[in-house]
Amino acid sequence: MHGVLVFDGRCGVCTRAVNALVRWDRTGMLRIEPMQTPGMADRLGVTDERMLESAWWVDSSGAIVAGAHAMNAALSVALGTRVPLWIYRIPGVGALQNAIYHWVSAHRYRFRGATPLCEAEPERCA
């Protein structure tokens, strides 16, 4: 299993989370891309506004998921185990993770984080 995690490259908290995933990547199969990459909304099949609501995961089969599900998929690939996805699918756990994810996502610009990817590497963002 491999794929691409699409995240908000203008968000310091998002960049910090992605940097952690990259450090934990044991498989070398995790790719990251900022959602500010030209044409990303079309690639995901969503509006620009919808794309900004959460992180997105595009797996090798072309399946697309968002939010906490996307983060669990990326963590699974990075660690080389499906355990995070199994935990996410336990009744109630996914709903709780989604609620927490959406709250953090809605408030993400209020939190301290790393230098956003779009500031550190502007060539990767539009």
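How much space lies in the largest pocket? About 450 Å³ lies there, where a pocket is an open set of points on a 1 Å grid over the protein atoms alone, with a 1.4 Å probe fitting and protein on both sides within 12 Å along at least five of seven lines, and a volume is the space filled by probe spheres set on the points, which are joined across faces, edges and corners. This is a predicted model, in which local features need pLDDT of at least 70 and side-chain atom pairs count only at pLDDT 80 or more, while totals for chains, interfaces and linings use all residues. Residues are numbered from 1 along each chain as its sequence is written, and side-chain values use heavy atoms, with hydrogens and water left out.

**Largest pocket**
- The lining (residues with an atom within 4 Å of a point) consists of 24 residues, and Ala17, Ala55, Met71, Tyr101 and Val104 lie nearest the pocket centre.
- Two or more lining residues come from each of α1 (12–24), α4 (67–79) and α6 (93–106), helices being DSSP runs of H or I with at least four residues and strands runs of E with at least two, numbered from the N terminus.
- Helix α1 gives the most to this lining, with seven residues.
- By type, the lining holds 17 nonpolar residues (Ala, Val, Leu, Ile, Met, Phe, Trp, Tyr, Cys and Pro), three charged (Asp, Glu, Lys and Arg) and four polar (the others, Gly among them).

**Aromatic pair**
- There is one aromatic pair, counted where ring centres of Phe, Tyr and Trp (its six-membered ring) lie within 6.5 Å, with planes under 30 degrees apart taken as stacked, over 60 as edge-to-face and the rest as tilted.
- The ring centres of Trp103 and Phe111 are 5.9 Å apart and their planes stand at 55°, so this pair is tilted.
- Trp103 is partly exposed at 48% relative accessible area, and Phe111 is partly exposed at 37% (buried means under 20%, exposed over 50%, partly exposed in between, with a 1.4 Å probe and protein chains only).

**His69**
- His69 is found in helix α4, and beyond its neighbours within four places in sequence, His69 is in contact (heavy atoms within 4.5 Å) with Leu85, Tyr88, Arg89 and Asn98.
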